[in-house]
Amino acid sequence: MSEEGTAVRLGQPRAQKPPAEAAVDPDVAARARRRRSRERNLVILLRVGVVVFLIVGMYLLNARSGNLTMPKPSDVFDESVKMWSDGTMLRGLRESLTVLVLGFLTAATSGILGGMLLGGFRLVGRVFDPFVHALNATPSAAFIPLVIVWFGLFTEAKIIVVWIAAFFPILISTASGIDQSDNDLVEMARSFGASRFRVFWQVMLPNALPSILSGLRIGAAVATVGTVIAELQMAQSGLGGLLSAAGNRFEMDRYFAVVLVLMVIGTLITGGLRLVEYRFWNWRASQRDANR
Amino acid sequence: MRTGDGPASSGARPPVTGPLISLRGVGKSFKDGQVQAISDISFDVEGGEFVSLVGPSGCGKTTLLRLIDGLIRADEGEVLVAGKEPRPGPDLAMVFQSARLMPWRSVVRNIEFALAVRGLRGRERHERAMALLGSVGLRDFANAYPHELSGGMQQRVGLARALAVEPKVLLMDEPFAALDAMTRETLRRELLLLWSRRRTAVVFVTHDIEEAIFLSQRVILLRPRPGRIDEIVEVRLPERRWELDARALPEFVRLREHLWDRIRNMVREGAELEELGTAFPDAVPPPDPPRS
Ligand SMILES: Nc1ncnc2c1ncn2[C@@H]1O[C@H](COP(=O)(O)OP(=O)(O)O)[C@@H](O)[C@H]1O
Ligand SMILES: [Mg+2]
């Protein structure tokens, strides 16, 4: 009820501080900080525990069933060092990232633009809805033979495979985010005489941004999968090519070294996009903080 | 009373004779005519007048406001604002039951939204928004986000946003209904004070009879299914009501008794109105407040 104070002195200078700078009891703050950091340390400790558990598990499995079933973690490490130092991994990474980044960027651009059309124009949305969902429901690997026939086996064709994979999730979450925009806010904007154009850009689109960003996150994950599949199925290249070569020769330590890199890429991409979401959405971020 | 019958004269404003808002035999139904929301409603509001629409929920109060704002068109009859068919925009501004602030914009940017619709830019727009925030006592919260504000403060921002565009008519749809009793009382007084300074015409919707009497110069009592006018009563209370406890004045008590009588009659009149008793929180008027 802190606002009641301001109300009575309407129109006079106020001494109230904005909420962010409200005076806090240093003791309370310190205690809360301590509690949070204890929790954080516990989480980190448990995570390290999980990693140790996995490594020990790998050693045990290796001891029981041999190198083919499960390589020794130390061999995986040695192989990783070797692949990084002789440039194999770097070359593979560069090839993969080219396909992944270009495929994802085209998918993001076209998916967001298309989603704006589908969500912003009711008629367009209604006409295309069944087709979009049919195509989205088709596994993107199913398009690979067609892409090979049309575009060949190399980088451009792989980019197109990634684009197909990532396009639909981005398209659909953009369209549904705009379509399900907050009617109350739209009516508010219209009641002030805002044009359709302004309502779209300043109300519906920002309102849909969380949905668009989560579409991008899904799209990025799907694009990573698409990149590896394209590299396995088409002209072998990049990390997917390394993966398949190592697998075919049963060099499981090499195989695992590549898998580790793929895991890191996936984590970095989704983590990065989550960070963007977090920074961008001041209001959502602080809502989350409040719930901590 | 029609204007605009003659040839359109560019530049010269058509002389506005008669009331600022005028409704004549207005009817509106929804769902292809299955739900008759309101029927044959006629009343006028003069410039600078404070009029309340009172009635149980479902009697078409919101529909009336949306008709006056020009968000929807009447099926029958005629709605005129300043002699013309209303269009959302220049002359009208709405305040809603929930503040309807854009959560991704800071408080001041929310107000700037309405000003931008009016074509204000840059510094001027910002300063105007800050001035309005000052007038509702929230200057220090300009850069806060809506979720950091209490319900009462959010509602003040909604009011400031509406006042910012200097409307001829302020349309308020149960703006205080979701607030706690203390905040509600404070905001009523603030609203009266602001109105006494600005003399904007206000059409105030509420289902709280005391609130209607306390605030307005005229109370329009509606009855439901379909929404019709039951009675229009003048409120002859002193101007500066925020300075005293108007509820203790004999005129206030008399009006409240009278309006409750009408509502009890509504309840008695038909089986179809059975729910009415529950639509008003307590169909028996509360005892006179203790004189302070
Ligand atoms: N957009 C709409 N579609 C269908 N029915 C509506 C719509 N708006 C209002 N109604 C109906 O019209 C009647 C009056 O509604 P409303 O104006 O919201 O009443 P109030 O604001 O007094 O509670 C209600 O029966 C409601 O169900
Ligand atoms: Mg209503």
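## Briefing: two chains and a ligand

The backbone nitrogen of B:D208 sits 2.8 Å from a polar atom of the B:T206 side chain, a polar contact (N or O atoms within 3.5 Å; within protein, one must be able to donate a hydrogen and the other to accept it, and residues adjacent in sequence count only if both atoms are side-chain atoms). This is a predicted model, in which local features need pLDDT of at least 70 and side-chain atom pairs count only at pLDDT 80 or more, while totals for chains, interfaces and linings use all residues. Residues are numbered from 1 along each chain as its sequence is written, chains are lettered from A and ligands numbered from 1 in the order in which they are written, and side-chain values use heavy atoms, with hydrogens and water left out.

**Around B:T206**

- B:T206 belongs to strand 7 (residues 201-206) of chain B; strands are DSSP E runs of at least two residues and helices are H or I runs of at least four, numbered from the N terminus.
- With a relative accessible area of 3%, B:T206 is buried (under 20% is buried, over 50% exposed, in between partly exposed; 1.4 Å probe, protein chains only).
- The side chain of B:T206 also makes a polar contact of 2.8 Å with the side chain of B:E211.
- Leaving aside residues up to four places away in sequence, B:T206 touches B:L53, B:V54, B:G55, B:K61, B:E174, B:E211 and B:A212, where a contact means heavy atoms within 4.5 Å.

**Ligand 1**

- The shell around ligand 1 consists of B:F30, B:V35, B:A37, B:P56, B:S57, B:G58, B:C59, B:G60, B:K61, B:T62 and B:T63, each with a heavy atom within 4 Å of the ligand.
- Backbone polar atoms come to 2.7 Å from a ligand oxygen at B:G58 and to 3.1 Å at B:G60.
- From the side chain of B:T62, an N or O atom lies 2.7 Å from an oxygen of ligand 1.
- On its own ligand 1 exposes 560 Å², and the protein buries 65% of that (Shrake-Rupley areas, 1.4 Å probe; for residues, only the protein chains shown count as cover).
- Strand 2 (35-45) and helix 1 (61-69) of chain B each give two or more residues to the shell, and helix 1 gives the most, with three.

- In chain B, strand 1 (residues 21-30) runs antiparallel to strand 2, joined to it by seven bridges; pairing takes at least two DSSP bridges.
- B:V26 stands opposite B:I41 of strand 2.
- Four residues lie between the strands of this hairpin, where B:K31 takes a positive phi near 50°.

**B:V267**

- B:V267 is found in helix 7 (residues 250-269) of chain B.
- Its relative accessibility is 27%, so B:V267 counts as partly exposed.
- Between B:V267 and B:F214 there are 24 Å, C-alpha to C-alpha, for a sequence separation of 53 residues.

**Chain totals**

- Chain A has 12 helices and zero strands, while chain B has eight helices and nine strands.
- Buried residues account for 37% of the 292 residues in chain A and 57% of the 292 in chain B.
- Chain A exposes about 17,200 Å², with 65% supplied by carbon and sulfur atoms; for chain B it's about 12,600 Å² and 50%.
- Taking contacts between residues at least 6 apart in sequence, 70% of those in chain A join residues at least 24 apart, and in chain B 65% do.
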